[in-house]
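Please keep the structure open as you read.

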Amino acid sequence: MNPFHFLASIGAVFLNGLSAAGRMALFTLSTLSHCVRPPFYLRLLGRQMIDIGYYSLPVVGLTALFTGMVLALQTYTGFSSFAAESSVPTVVVLSVTRELGPVIGALMVAGRIGAAIAAELGTMRVTDQIDALTTLSTNPFKYLVVPRVLAGTIAMPILVFIADIIGVFGGFLVGSYKLRFNPAAYLQHTADFLQTNDVTAGLVKAAVFGFVIALMGCYFGYNSKGGAQGVGAATTYAVVSASILILLLDYVLTAILFVGR
Amino acid sequence: MNAKAPSDTPKIAVRGLKKSFGRKVVLDGLDLEIGAGESLVVIGGSGTGKSVLAKCIIGLMQGDGGSIKIDGEEMVGRSTSERERVMRKFGMLFQGAALFDSLPVWENVAFGLIQGRNVPRDAAKQAALKNLAQVGLGPEVGELRPSELSGGMQKRVALARAICVEPEIIIFDEPTTGLDPIMADVINDLIIKCVRQLGATAMSITHDMVSARKIADRIAMIYKGKIIWSGPTAEIDHSGNAHVEQFIHGRAEGPIQMEVRAH
């Protein structure tokens, strides 16, 4: 095999990666600029808020409940070996509000909403519906992308706030009924070590994750091509890239919001 | 800028239009003129650039070079907002109808009025029902979803949507493809009726010769990214062009060799 071919293929992959990053950056900038320029489609924003926020509540709520329950159990089994069981409520509430609520909630929403957005916009692209919008004097960015991205950014913190409460409640249930904590003492411990910043920093993460999920769904759906296979690929890319970005940005945001303060 | 164009100015004038996708040259310096109120049909085989030409004219795609003038106003190199202003003159019927699945039929038809012209929803709905009636569909159809309609009905709804904003120019992309001959003839009749009523300029792209003969004042044939023949509909049978002869008679043998492999 010619070694230059190998080098050329590495170069091609690198250039394709750069070009994709550039296209994604332009798409993001275009989305942000359209977010602040009229017309605003408030009816569509409301509909997307319901789709992204309200209808995701069962799956995110259940995930948060079991996460809190498992966390309480795991922490108890680990901490009891060095007589630190009383830290269980604190570990549960801080882990849920700072980390697990936003990240696990966002990963669930990426699977549910990121995929749905990419599939819907992708189908609209391959069936000429996006071109039809343009011919009917409607900017597809403002009509399709902006309401979804704004709804993701606004709905996700609300969703995570509810998930935080459910997650802490899950830990409380296990702590009180299985691990035999005094319920009042469990709640007291939960409240004692929880600061407002722990919750707000988690909600800031949630807003960023909501933006990323909707943006990836819109980007891959909007630019999909090649019929049903293209729409399928767009859906996969949207979920995978949103999931990776959530984990990557989680580290960056944690470093900024917690370590730096 | 918005001054009425002189009557001798073509409604659409395309000069030297070029468009390539990678190494594949689709439009190779294409020239085309369509007069105001004229119905031009562009014929040509699959993959010869008919749809790309239509998309470049309406502004959905940017050409790589050349000039496109609408009412004498140059479109190439214009800003997005200026192009959007001129695009308000257009209506388009897409090959697959391209109806919005998430909206009921009446809202599809009224979409251009509600979103593009800020017409109140009630007034837009009345206008939509009137346009549905024009294409032979009753008000009960207005409440259905596009997925509940047959292919022919979807084409009719798409036609109603295209004419609802009363455009000056209507582009029909393969209006009869996928329809049975009777429904195709119904669509052809509706196109003729609607275009006449609006006094609009029409450009249709098709490879359906029955449709082309019926709706065209003039026919142009595209081959290898160029217009190789154009003339009045009545003259197409005496074009003297071997490519046109082969195409209109649907012969496998002739100067046009079908590409059996994608580039």
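Predicted model: local features only at pLDDT ≥ 70, side-chain atom pairs only at ≥ 80, totals over all residues.

1. Residues are numbered from 1 along each chain as its sequence is written, and chains are lettered from A and ligands numbered from 1 in the order in which they are written.

2. Look for helix 4 (residues 88-126) and helix 9 (residues 227-259) of chain A, whose axes come within 8 Å and cross at roughly 150°. Helices here are DSSP runs (H or I, at least four residues), numbered from the N terminus. Axes are lines fitted to C-alpha atoms over the stretch in contact, with angles from 0 to 180 degrees between N-to-C directions. Helix 4 and helix 9 of chain A are therefore roughly antiparallel (angles over 145 degrees).

3. Next, helix 6 (residues 140-177) and helix 7 (residues 183-193) of chain A pack at about 145°, their axes 10 Å apart. Helix 6 of chain A brings A:Val168, A:Phe172, A:Gly175 and A:Ser176 to the contact, and helix 7 of chain A brings A:Pro183, A:Tyr186, A:Leu187 and A:Thr190. Being in contact means that C-beta atoms, placed from the backbone, lie within 7 Å.

4. Finally, how many residues does each chain give to the contact of chain A with chain B? Chain A gives 10 residues and chain B gives 16 residues.

Note on methods
Contact = placed C-beta atoms within 7 Å. Helix = DSSP H or I, 4+ residues; strand = E, 2+ residues; numbered from the N terminus. Parallel < 35°, antiparallel > 145°, perpendicular 65-115°, else oblique.
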